[in-house]
Amino acid sequence: MPTETSQTLDRGLRVLRVLAESPEGLTVTEVSHRLEVNRTVVHRLISTLEQHGLVRRDARSRLFVGLGVLHLASGVQPLLRDLAMPVLRGLAESLGSTAHLTVADGEEALALAVVEPSWTDFHVSYRVGARHPLTQGAAGKAIGLVDEDETSYAVTSGELQTGARGLAAPVRGVEGLRASVGIVTLDGAIDEDVVAPQVIAAAAAVAERLR
């Protein structure tokens, strides 16, 4: 028996998706054309979503995703942390380096989960909630490699902290998530032949847990 679904809810979610993919904003007519749905129906959907703060319109009546979406997204972060922590803990203990899950938040990289190794005398401290541009640091640069070869990763030295080196790989195949898993360690040569495969495997393991 086919699964029963709500056509109205489906259309509302499609409106949010098409607006999220259009940072320049769209008019009601443009949304109607993209979804191939009657303009009157789209207008009703937009009005309902506006009431919940999920859609906003500017002075030119162009539509954008509203700030209400942030309240929904905030509930996802604890889930991401909980699912990623066992993988990060294993990576940190194996390599003796601080491991982290970093997600893209606009044009910034946000450290969402961090695990420091328990057995090392010295390691780099990395704070949950730390932010930096996506163009800096291994964690940010790795997020941009999601469409590259599956063995791709990013390595940086001293870009975020003097005396620290990082290596990170993108989390692939999780719809709606732009993220990376990586390690940061004290300055010195990172044995990429040893570290990179483990970081790539950890990123894949996190992706599998999030699907």
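1. Let's start in a loop: serine 61 sits between β1 (55-57) and β2 (63-65). Keep in mind as you look that this is a predicted model. Serine 61 has a positive phi of about 65 degrees, although it is not a glycine. How accessible is serine 61? Its relative accessibility is 37%, so serine 61 counts as partly exposed.

2. Now move to another loop, the one between α2 (28-35) and α3 (39-51), where you will find glutamate 36. Glutamate 36 is not a glycine either, yet its phi is positive, about 55 degrees. Is glutamate 36 buried or exposed? With a relative accessible area of 74%, glutamate 36 is exposed, because exposed means over 50%.

3. Next comes the sheet. It is open and has 6 strands, in the order β5-β4-β3-β8-β7-β6, with antiparallel pairing. Which strands are at the edges? They are β5 (131-133) and β6 (154-157), each of which pairs on one side only. On average, neighbouring strands of this sheet are turned by 30 degrees against each other, direction ignored.

4. Strand β3 (residues 98-105) and strand β8 (residues 179-186) run antiparallel and are joined by 6 bridges.

5. Helix α5 (residues 76-95) lies across β3, β4 (108-115) and β8, and runs at about 65 degrees to β4.

How values were computed
Residues numbered from 1 in each chain as written. Predicted model: local features only at pLDDT ≥ 70, side-chain atom pairs only at ≥ 80, totals over all residues. Heavy atoms only, no water. Pairing = 2+ DSSP bridges. Helix = DSSP H or I, 4+ residues; strand = E, 2+ residues; numbered from the N terminus. Axes fitted to C-alpha atoms, helices over the stretch in contact; angles between N-to-C directions. Contact = heavy atoms within 4.5 Å. Buried < 20%, exposed > 50% of the residue type's maximum accessible area, 1.4 Å probe, protein only.
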